[in-house]
Amino acid sequence: MQRFLGKTILITGGAGGMGASHLRGYLAEGANVVIGDIRDDRGRALVAEAGDRAHYVHLDVTSAADWQNAVTETENRFGPISVLVNNAGILSRSAPIEQSDPENFRHVVDVNLTGPYLGIRAAVPSLRRAGGGVIINIASTSANVGTALIAAYVSSKWALRGLTRSAAMELGRDDIRVNSIHPGVVNTPLITEPLHPGAQPVSDYYSPDAFAIKRLAEPQDITRLLLFLSSDEASFVTGSEFVADGGMLLGPALAAGQTQNQS
Ligand SMILES: NC(=O)c1ccc[n+]([C@@H]2O[C@H](COP(=O)([O-])OP(=O)(O)OC[C@H]3O[C@@H](n4cnc5c(N)ncnc54)[C@H](O)[C@@H]3O)[C@@H](O)[C@H]2O)c1
């Protein structure tokens, strides 16, 4: 399929585990893709491997000036933006609220919530110039439940739902759809690598044994949903939230082979 032939896509956090998969997914369907990140070496290496329809820009999503520059550079390179993917995100340092660092809380909110806010603010004029488009905010199943020890992350992702809905209300008349994706546990460095020396990777806390679909998600599982939602196939979908978690939020699944008659 070539659902994005000639369209311009901007993805934040594009040098990360899911960002790299999203880059490849859009390129395979004919798009021109700009990835923004703060990891310049990794970002540049990814686009060098991807070819002429991929471009890297340094974009710290907490900086309004970086956003302005990223939108201008994207337009100059490929034309107005049709799809903005607010994918950049960080975890909070693991600690109970009373022992947590307020600076860390502020930083997590800055990246995970203020970042997408600044992004929408900066990119909307470009989406209008494109004649309409799509904004996808990458939230998390942490935006659907509470989770001990990572209150900053959870709070920022819950708030992203409010931003998504408000933006959808404001932008529908301009043919700009805004939705959020809520991945469960995805096999990327965010959860497989320790956040700081001595910390346990998040993946250690989540056994897929209890999920209805008994495995972690791979980035491509989320990319496929993203491509659908940002394509014309989802033309009447806005202000909505899409969980992709293998059934994690459903509650503990039955053990293999167990039936209702067995206790
Ligand atoms: N991996 C999971 O299990 C999981 C689950 C639910 C939601 N998510 C969300 O998915 C998104 C992508 O996560 P991932 O798993 O690919 O993580 P990742 O750590 O592999 O990638 C995140 C990327 O964001 C970049 N980034 C961090 N701060 C930034 C900033 N200030 N400006 C620009 N870029 C910045 C990082 O450099 C990195 O390349 C995040 O929003 C995350 O919260 C991940």
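Residues are numbered from 1 along each chain as its sequence is written. Because the model is predicted, local features need pLDDT of at least 70 and side-chain atom pairs count only at pLDDT 80 or more, while totals for chains, interfaces and linings use all residues. Helices (H or I, at least four residues) and strands (E, at least two) are DSSP runs, numbered from the N terminus.

An open sheet is formed by 7 strands in the order β3-β2-β1-β4-β5-β6-β7, with parallel pairing; two strands pair if DSSP finds at least two bridges between them. The edges are taken by β3 (54-58) and β7 (241-244), each of which has a single partner strand, so one side of each lacks a neighbour in the sheet. From one strand to the next the twist averages 20°. Axes are lines fitted to C-alpha atoms, for helices over the stretch in contact, and angles run from 0 to 180 degrees between N-to-C directions. Within the sheet, β1 (residues 8-12) and β2 (residues 32-37) pair in the parallel sense over 5 bridges, and T12 is placed opposite G36 in β2.

Helix α1 packs on the sheet, where α1 touches β1, β2, β3 and β4 (83-86), and its direction makes about 170° with that of β2. Helix α5 also packs on the sheet, touching β5 (133-138), β6 (176-183) and β7, and the direction of α5 makes about 160° with that of β6. Contact here means that the C-beta atoms of two residues, placed from the backbone, lie within 7 Å.

For α4 (residues 102-129) and α5 (residues 151-171), the packing angle is about 15° and the axes are 9 Å apart. The two helices are therefore roughly parallel; angles under 35 degrees count as roughly parallel, over 145 as roughly antiparallel, 65 to 115 as roughly perpendicular and the rest as oblique. The crossing of α4 and α5 is right-handed, the term for a near helix turned clockwise from the far one by less than a right angle, anticlockwise being left-handed. Residues of α4 in this contact include F105, V109, L113 and I120, and those of α5 include Y153, K157, L160 and L163. The contact divides into 15 nonpolar, 4 polar and 1 charged residues. In this division Ala, Val, Leu, Ile, Met, Phe, Trp, Tyr, Cys and Pro count as nonpolar, Asp, Glu, Lys and Arg as charged, and the others, Gly among them, as polar.

Helix α3 (residues 64-78) packs against α4 at an angle of about 30°, with the axes 9 Å apart, which makes α3 roughly parallel to α4. This crossing is right-handed. Here A64, W67, Q68, V71 and E75 of α3 meet L118, G119, A122, A123 and S126 of α4.

The axes of α1 and α7 (residues 219-229) come within 9 Å and cross at roughly 50°, and the two helices are therefore oblique to each other. In the contact, G17, M18, S21, H22 and G25 of α1 meet P219, Q220, I222, T223, L226 and L227 of α7. By class, this contact has 5 nonpolar, 6 polar and no charged residues.

Around the ligand there are 28 residues, of which G13, G16, G89, T188 and L190 come nearest; a residue is near a molecule or strand if its C-beta atom, placed from the backbone, lies within 6 Å of it. At least two residues of the shell are supplied by each of α1 (17-28) and α6 (189-192). The shell has 15 nonpolar, 10 polar and 3 charged residues.
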